[in-house]
Amino acid sequence: MFRKVLIANRGEIAVRVIRTLREMGIGAIAVYSDADRTSLHVRMADEAEYLGPSPSAESYLRIDRILDAARKHGAEAIHPGYGFLSENAEFAAACEDAGVVFIGPSSASIRAMGSKTGARRNAQLGGAPVVPGTDHGITSEEARAFAQTHGYPILLKAVAGGGGKGMRAVRSETDLEAAFRDAASEAERAFRSSEIYVEKLIEQPRHIEIQVLGDQYGNMVHLGERECSIQRRHQKVVEEAPSPLVAAHSEMRQAMGEAAIRAALAAGYYNAGTVEFLVDQDRRFYFLEMNTRLQVEHPVTELVTGVDLVRLQIEIADGARLPFSQEEIAWRGSAIECRIYAEDPYNDFLPSPGTIVRLDRPMGPGIRLDGCVYAGWTVPLEYDPLLAKLAAWAGTRDQAIARMLRALGEYDVGGIRTNIGFFRQILEDEEFRAGRLHTGFIEQFFARRKPAAAPSGLAAIAALVAALDHLSQETPQGPADRNGTSPWLAAGREAMLR
Ligand code: MV4
């Protein structure tokens with residue numbers, strides 16, 4: 001087994017990887033930028049190496065400096081975390097060339113799945129259902145011909161895409177030409193490739209993804225699904241396992257799991273990966289894309305399967321065989337994760353970096369907190385302001401929701417704004433509680449809550465309550481009004497929502 005592993009990342013995921021390394025008796029080497037000199041991942045690591053200035057292009061994205069750090073500290077392997085270089089085929093190849101083990105799939109698999117049309121071709125090779133569409137980049141004339149055959153609406157997508165950039169829905173031929181130009185120029189700016197392909201548009205789909213895990217000898221299992229339909233601007237907000245839809249239609253898990261494994265194996269995939277599916281209103285599922293990394297939301301899978309995905313990633317990278325078969329994997333209970341951000345959900349989710357002056361963390365039965373903050377630390381403005389991922393596990397979904405609400409009530413972050421209060425409202429939402437989730441959920445959630453939509457007398461009260469709630473976020477000082485959990489404030493809000 002490796003004696004030392006370098007973590008080419010920061011924040012909560014670096015801390016998450018360090019924790020498993022410590023449990024495995026492996027030395028953890030951190031890397032950091034100027035903004036991260038006092039960050040928790042640096043404090044927790046056995047050794048740390050400075051990379052460069054705060055902008056990630058000058059630090060966490062510097063392949064040369066990261067490989068120098070690995071050599072200098074004698075790291076035999078690199079865990080890339082998520083984001084940064086985790087899905088960069090050149091980085092994986094540079095590790096391979098430098099004789100440092102990349103804890104992830106081969107650079108060839110990353111490259112194959114990085115092209116969205118390449119991913120579709122692999123999925124089809126493996127016999128997984130894909131949305132009707134093209135498997136190569138096209139011209140606007142070809143997009144028009146596709147729509148004439150398959151009908152509108154269609155969705156133009158960037159071949160090099162991801163994260164919704166370079167994506168345009170087209171509902172009639174009149175709009176096609178302009179949308180194609182917009183999509184291509186956005187794709188060019190974001191990915192330095194203007195290549196566009198087309199799919200039929202699935203309206204208000206659910207986003208359900210399958211965790212897969214394979215060794216380097218062609219063995220692969222799936223660890224079930226995660227429901228990730230609650231997103232805002234292509235950023236996930238709440239994730240859960242199992243999906244309420246799949247839990248109600250248990251045959252879906254095996255069908256989606258087998259499709260995911262076949263799509264991944266077609267690309268020669270090994271290590272941990274996630275196959276994303278869209279599920280339409282008739283519960284038909286379609287391969288969407290594959291993420292060739294450990295994902296932010298992996299804890300909910302760990303909670304319901306009892307598996308440590310990071311440990312398995314490291315063992316597989318070291319050449320181990322999968323230690324279990326598909327039949328040995330069992331799912332137990334229900335897990336929900338909230339991404340706790342330093343941001344203001346009532347002011348267009350504006351990032352709210354700053355110094356944390358007070359921190360009370362939720363604890364107790366069924367609670368898992370993957371964080372990177374401590375009292376006195378200043379959240380840097382240079383990076384994604386994810387403070388922690390709060391996960392709750394319980395025997396049933398209803399109990400997991402109750403447990404999450406209890407934990408959110410215990411959570412107190414002073415000095416910066418957070419989205420903790422926003423999660424309380426989502427978890428109290430009737431549609432959420434009923435498991436009626438889809439990718440338009442957040443938009444509809446805000447529409448349901450618009451004070452203007454309430455009857456006139458109530459509207460004034462609702463606006464007042466919202467204003468008070470907002471005030472409590474601005475001055476999170478007294479113990480009574482933290483996170484808007486003051487008893488009378490909560491009662492006022494509940495009256496508004498009924
Ligand atoms: C789609 C779609 C509907 N139909 N493809 C968004 C990100 C990109 N990776 C793929 N995305 C979508 N592809 C077809 N054919 C809807 C989305 C989509 C979406 C997907 C998953 C989660 C949230 C989403 C929000 C908006 C659009």
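Buried means under 20% relative accessible area, exposed means over 50%, and partly exposed lies in between (1.4 Å probe, protein chains only). This is a predicted model, in which local features need pLDDT of at least 70, side-chain atom pairs count only at pLDDT 80 or more, and totals for chains, interfaces and linings use all residues. Residues are numbered from 1 along each chain as its sequence is written, and side-chain values use heavy atoms, with hydrogens and water left out.

**Cysteines**

Select Cys95. With a relative accessibility of 0%, Cys95 counts as buried. Go on to Cys372, which is also counted as buried because its relative accessibility is 4%. The cysteine sulfur closest to that of Cys372 belongs to Cys338 and is 16 Å away, too far for a bond. A disulfide is a covalent bond between the sulfur atoms of two cysteines. The cut-off used here is a pair of cysteine sulfur atoms within 2.5 Å. Zero disulfides turn up in a search of the whole structure.

Next, select Arg368, in strand S19 (residues 367-371). Helices (H or I, at least four residues) and strands (E, at least two) are DSSP runs, numbered from the N terminus. Arg368 has 18% relative accessibility and therefore counts as buried. Show the side chain of Glu302 as well: a polar contact of 2.8 Å links it to the side chain of Arg368. Such a contact is a pair of N or O atoms within 3.5 Å; within protein, one must be able to donate a hydrogen and the other to accept it, and residues adjacent in sequence count only if both atoms are side-chain atoms. Leaving out residues up to four places away in sequence, Arg368 touches several residues, among them Arg16, His298, Pro299, Lys389 and Ala391. Contact here means heavy atoms within 4.5 Å.

Move to helix H13 (residues 397-410). Its 14 residues should span 20 Å at 1.5 Å a residue, and its end C-alpha atoms are 20 Å apart, which agrees. The expected span is 1.5 Å times one less than the number of residues. Colour Arg397, Ala400, Ile401, Met404, Leu405, Ala407 and Leu408, which are buried in H13. They cover an arc of only 165° around the axis, so they sit on the same side of H13. That arc is taken from the directions from the helix axis to the C-beta atoms.

Helix H10 (residues 251-266) is the next stop. From first to last C-alpha, its 16 residues reach 23 Å, close to the 22 Å expected at 1.5 Å a residue. The buried residues of H10 include Met252, Arg253, Met256 and Ile261. Just after H10, find Gly268, with a positive phi of about 65°.

**Backbone exceptions**

Most residues other than glycine have a negative phi, and most peptide bonds are trans.

Where does Phe84 lie? Look in the loop between strand S4 (77-79) and helix H4 (89-98). Then select Phe349, in the loop between strands S15 (343-344) and S16 (350-351). Phe349 has a positive phi near 60° and is buried, with a relative accessible area of 10%.

Finish with two prolines. Tyr152 and Pro153 are joined by a cis peptide bond, with omega about 0°; Pro153 is in the loop between helix H7 (140-150) and strand S6 (154-158). The bond from Ala241 to Pro242 is cis, with omega near -5°, and Pro242 is in the loop between strand S11 (235-241) and helix H9 (244-248).
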